[in-house]
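Reader: I have a model open and would like to go through it with you. Could we take the contact between chains before anything else?

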Amino acid sequence: MKLTFTAFAAATLMATAPAMADLVVPNLSYRTGAYGANGTQYADGFNDYFTLLNERDGGIGGEKIKVPECETAYNTEKGVECYEATKDTGALVYNPLSTGITYQLIPKVAVDKKVLYTPGYGRTSAKNGKVFEWVFNAPANYWDGASVAIKYLLDQNGGDLNGKKIALVYHNSAYGKEPVRTLQDLAEKHGFTLSELPVDAPGQEQKSQWLQIRREQPDYVIMWGWGVMNQVAIQEAANIRFPMENFIGIWWSGSEVDVVPVGAKANGYKALTFHGVGQDYPVYDDLQEYVIEPGKASQGGEHVGSVLYSRGMYAALVISEAIRKAQEIAGVSAISPEQLREGFEQLDITPERLEELGLPDFGPEIKLSCDNHGGSGMARMQQWDAEGGKWSLISEFTEPDQEILAPLIAEDSDAYAKEAGITPRDC
Amino acid sequence: MDQMIFAAEIFLNGLMTGVMYALVALGFVLIFKASGVFNYAQGVLALFAALTLVGIQQGQVPFAHMINAVFGTHVEHFGWTVPSVLAIILTGAVMVLLAFLIEKLVLQHLVGQAPIILFMATIGLAYFLEGLGDVMWGANIKNLDVGLPQGISESIEGVTANWFGYGFFIDRLDIWATVIAALLVAALVAFAQYTKQGRAMRAVADDHQAALSVGISLRFIWVMVWSIAGFVALVAGIMWGTKSGVQFSLSLIALKALPVLMLGGFTSIPGAIVGGLIIGVGEKLFEFFIGPMVGGATENWFAYVLALLFLVFRPQGLFGERIIERV
């Protein structure tokens, strides 16, 4: 009996745990809870890209990729539990899609030697690889987003924002507060007035904030929202007849789920993005052939081509390219997290490489190094066409204002280094 | 002068927001009054009702994802849409069926248990209904449109612009919510005062044992009360769902009802309304006058601090029954 049980336990472990030779990329996703509608689409894109590599190419460098999924419900405690539960399964890299979870994992990954990849979210100053050895946040971070939004507005106003009024409506959390300092510095530099309007989570009720906007009549509103806050804000903006073309969201406030519930009144709303939109890319043909048609798509392929699906897919693409680079450097296919970190630091996704991958002009060039874990920070603007039910790109990739951002990154990362007792690396 | 005009606009909007809070609080009061149970699942009932309404309205196949996964089919929609009024009636019927099932499968087995046990059961119910709603209708955000107007009332804006030189913003959806809430409260009061079932409900609320001794069926009353609470949840779900789309966050509006209940009292229907209005107006005015001095986002904080003060000085709330326990 004892033998039977042991054999059963061994068989179960073999069936559930990945083979040690597999490349393990846990997907700390959220498909339930207040942000489940957003998390589901991102997780589907993330899963499907790795499925495509497994089905079409037999994995990366001959190694299959395993993507065990763990539900965090966008809850920081559950996110940490997921990390602890998966870190000893051969996990190489984590992408938890939550700034709160990221902040908790930053000290842990440095001890456990795991890579933390947080594209477009997380701790902005993690861009400084000298301090944050195990964290990468390319191609863009929150401060890049704030700067690119202001650059776009400068472009719209003949290079002059002097005397303009800009309101920032933000999620009253670590995530939402990220751009405040950057925008304050940019306001000082360009002479515009910034008013800050925090919204308590989850953001179902925003009447006070939008009445204030109606009274103060800012020229532009910038939003740092997530989940229900986005839909309510866009609805309230429409209610007070705020011109949608003067309303700009960060990339986490710019997906279909944010605008569709508002209907025709959301037409013209703008949002930042650090990747392309729609399905007009060759990679989608491969996804159709190798993943969707054979019935291997995550959730049946319901969200293929949506903004958040594309973002999840893009995150998987960057990770897979870093794995490829790590294999090339190490000369082995079954790489370790340390080797993957090397792969990330020498990552160079050129426009030509993106084209080879079936995503021409989808994202900016990503060239990382020991000290630069955040890339160029380039982003572009997209606009919602309610009638066509689609986003359109309306600006080219734009570089953020490094003159403002670089000192802020240095200041914040130095403060973290002192607090955590880290001696910055020589790069 | 401008400040006073702005404050008047905020006061009116606070009243309207308070009505929206009161709509959610009403469901809690009904169940607590009749059974002494604090129904943790009331917010999820609003979400479930709104999901069901949209599903019926749009002709969605319930459990489509599960059916497709098991049978390899690709069914999503029946191919028809249902008019709003009929969809609301059908959703009401689903909520009655749900009330029956809750009584049959949960409450019946817990008769005579301490209130904390019943409360724990409603926590379980909330988690179950969250999952059931997702499995039945999918987790996507859904657009809810039952024909309620939304956006600024131009007539009020025009009139106030003539009077004060500044046009007030009042959302037409909020005006409708106020009218519907007033009708709902009037109907509930009339039901409780003038119908046999309503009087039976009040008898059960006063004393379970005495009500049973004169032949009132506790089971029937519970099904009835949960059905009414389900209908109130449907109304709240329609109002809030029209604003933000139908999504999981709808269940969190229950958090806004808690301070309202502490203020108004857990056993008073007028208390839920007055509590809602006080919280709505108070939080908006506090945010307007004090918010800028402390960095804003004071509304949730204010509502709960006010509720806390009531717990200290008047724990039964404004209209609640004073609980005297003799030892």
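Reader: How many salt bridges does the rule find across the interface of chain B and chain A?

Author: This is a predicted model, and across the interface of chain B and chain A the rule finds 9 salt bridges. One of the pairs joined in this way is K284(B) with E205(A), whose closest N and O atoms are 3.1 Å apart.

Reader: Which elements of chain B touch chain A there?

Author: The elements of chain B that give two or more residues to that side are α1 (2–35), α6 (154–164), α10 (218–244), α12 (269–289) and α14 (299–313). The largest share, 6 residues, comes from α1(B), and the residues of that side as a whole divide into 16 nonpolar, 16 polar and 9 charged.

Reader: And how much area do chain B and chain A bury between them?

Author: They bury about 3,100 Å², of which 49% is on carbon and sulfur atoms. I141(B), F169(B) and K243(B) supply 17% of the area that chain B buries against chain A, more than any other three residues. Counted by contact, 41 residues of chain B meet 31 residues of chain A.

Reader: Changing topic, where is D48(A) found, and what is the nearest side chain of opposite charge?

Author: D48(A) is found in helix α2 of chain A, which covers residues 36–57. D48(A) is buried yet has no salt bridge, and the nearest side chain of opposite charge, R31(A), is 7.6 Å away.

Reader: Then what is D48(A) in contact with, leaving aside its neighbours within four places in sequence?

Author: With those neighbours left aside, D48(A) is in contact with L287(A), V291(A), K296(A), A297(A), S298(A), V304(A) and Y309(A).

Notes
Residues numbered from 1 in each chain as written. Chains lettered and ligands numbered in written order. Predicted model: local features only at pLDDT ≥ 70, side-chain atom pairs only at ≥ 80, totals over all residues. Heavy atoms only, no water. Helix = DSSP H or I, 4+ residues; strand = E, 2+ residues; numbered from the N terminus. Buried < 20%, exposed > 50% of the residue type's maximum accessible area, 1.4 Å probe, protein only. Lys, Arg positive; Asp, Glu negative; His and termini not counted. Salt bridge = Lys/Arg side-chain N within 4 Å of Asp/Glu carboxyl O. Contact = heavy atoms within 4.5 Å. Buried area = accessible area lost by both parts, 1.4 Å probe. Nonpolar A, V, L, I, M, F, W, Y, C, P; charged D, E, K, R; others polar.
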